[in-house]
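Subject: Structure handover and findings

Dear colleague,

I am passing on to you the structure below, together with its sequence.

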Amino acid sequence: MSAKNNHPISGGKAVVECLKAHNVKYVFGLIGSATMELFDALYDEQSITFIDVRDERTGTHMADAFARASGSPGIIIAGQNGPGATNLVTGVAQAKAAFSPLLSIAGAIATEHQGKDAFQEVDQQKLFEPVTKKTFSIKDTKSIIKDLNKALNLTTHGKWGPVHVNIPRDVLAGTENFEAFKIEDKIENTKINQDDLERIISLIKISSKPVIICGAGVKNSQTQDEVILLSKKLNIPVVSSAGHGDVISFEYNLYCGQMGPRGNKIASSLVKNADLILAIGTRLGFNSTFYSYDNISESAKIVQVDIDPIAIGRYFPVEVGIQNDVKIFLDNLISLTKNKDLKNDNYNWTQKILKEKINYYKERDEKADVNSKTIQPSGLFKELRNIIPQNSSITLDAGTLCLQATDEFNFFKPKSLFTPLDFGLVGFSFAAGLGVKLAKPDLPVFSLMGDGGFGMTVSELSTAVHHKINTITIVMNNKSWGAEKAYQRDFYDKRYIGADIDSPPFHKLAEIYGAKGYHLNELKYLKEAVSDALVCNKPAVINVDVDPKALYSFRKDSFKHRSK
């Protein structure tokens, strides 16, 4: 516990003291009249930097990405009840889909006005319950510390996820003499059944086509080294679940990248043809499998390890299911293998994959179109692979161009890829990049977006410039909502409606905001622009004209009813 407080303080001050006790360094938010006591207390707190944003939604994306990059809860405050709170919902729903440890705090109307159709009243408790792990509505000032500590601890307890807290203005204005500002939450981990571990060893021994699938649980538990150790000892190739291509270093020879409908053909083939799947820290969720045996071997025996009991066997039946922390599982299994003879018959399987992997990445480079007069996505991605420093982080949006980029980049450290994951949100990447940069201030951050998504969030250039958050945003400008236009082209006889976009010149707009802007319509100038952006000491926007015809229909399965 932290030091005791010997005099009454406001509820707003108590919130800040609680955040301080939890070592919170950044708070994102937009001020409002409902939470003035809270922001007034932040004014005096030197250990916490307030990042004032232009929209609560984009501020939530910043906090979400900061949380994922740092492993600590990201904090977003909607200063106004009603519209300020409702603006949070999209970002909080995004964080839930990404299992991000986010704490959102919203002001609420005065307790005595609740249920009376008061100004800006909405039932914020019911509003947030479906998109959070838990939603708290604090009833009185003396409950602030207890409830806020519960909320903060819950974000990283078990399966990570967002928690929301509503605090009425009278509760923030009230005063109390608080005993302490931090309550330690001791989390006990359950032991792993020894019989389950022995069963896994037996399955490995008889397997000839095993594969390890790593998900966010491996990244969050920082156990990539343990996975590599296990993979080397057992000669088992490794793939990642969708959106987690950074879970294992690209340099590890048995790592084959992202699986699934949006992954690469090598990783996807491994999972489709395996006879044993070790699913570690992954739900085997939608973007990885589409919940279909079209994307995962129906005959494979599955061992699934996840901290969330709901995830075990939820989408595919498992041979062995272990609900526990990934690190505890890996430590136990590796220890058990030390004195075991684990010779199995997977040599040919692994050698075949290694050859196919080499050919795949060679073909990826050879087939990239770098010579077309109009910039093609494949050429842009190839050039970026050669230009982007290896220690960079990359954020992606949803949309046709970013989906094409899913397996186009090579990641050398965990927590260097950040995507909207299963929420499929357009407008995430730029704001997320700002959060990642604050978590990793000494490393480059590149944010890729379409022109539609960037247009949604461009006002946060003001936030980036004001707080000197120097990311590099690459706007892949094809003048359309590309994914939807592809569907209209391929399934609706080119009956385009609402698909084309007119935008201002984003490079000039960036300059007006005080950032650095670049405009490219030829690929040969990309290296010069990126090199300059890396040292310009400003947020940078590179507006790249991309072939508007370079569209691809990803969810063809959704339009089978339209197939001719």
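Predicted model: local features only at pLDDT ≥ 70, side-chain atom pairs only at ≥ 80, totals over all residues.

The secondary structure of the protein chain amounts to 23 helices and 20 strands, and the C-alpha trace spans about 70 × 60 × 50 Å along its principal axes. The radius of gyration is 25 Å, which agrees with the value near 24 Å that a compact globule of 564 residues would have.

As for the surface, the protein chain exposes about 23900 Å², of which carbon and sulfur atoms supply 48%. There are 67 positive and 64 negative side chains, and the centres of these two sets lie 5 Å apart.

In soluble globular proteins, nonpolar side chains tend to be buried together. Here the largest nonpolar core holds 35 residues, and those that touch the most other members are Ile200, Ile212, Val227, Val238, Ile248, Leu278 and Phe329. Among the elements that give two or more residues to this core are the helices α9 (194-206) and α11 (224-234), along with the strands β9 (210-214) and β12 (276-280), while α14 gives the most, with six residues. If neighbours within four places in sequence are left aside, Phe329 is in contact with Ile192, Leu197, Ile200, Ile280, Val305 and Ile322. A second, separate core of 33 residues includes Leu102, Ala464, Ile469 and Ala510.

Ala510, which has its place in helix α22 (residues 506-513), has a relative accessible area of 0% and is therefore buried. Beyond its neighbours within four places in sequence, Ala510 is in contact with Leu461, Ala515, Lys516, Gly517 and Val541; the C-alpha atoms of Ala510 and Val541 are separated by 6.4 Å, although the two residues are 31 apart along the chain.

Thr473 lies in strand β18 (residues 472-477) and is likewise buried, with a relative accessible area of 0%.

With kind regards

Note on methods: Residues numbered from 1 in each chain as written. Heavy atoms only, no water. Core = buried A, V, L, I, M, F, W, Y, C linked by side-chain atoms within 4.5 Å. Buried < 20%, exposed > 50% of the residue type's maximum accessible area, 1.4 Å probe, protein only. Helix = DSSP H or I, 4+ residues; strand = E, 2+ residues; numbered from the N terminus. Contact = heavy atoms within 4.5 Å. Rg over C-alpha atoms; globule rule 2.2 N^0.38 Å. Areas by Shrake-Rupley, 256 points an atom, 1.4 Å probe, with all protein chains shown as cover. Lys, Arg positive; Asp, Glu negative; His and termini not counted. Charge placed at Lys NZ, Arg CZ, Asp CG, Glu CD.
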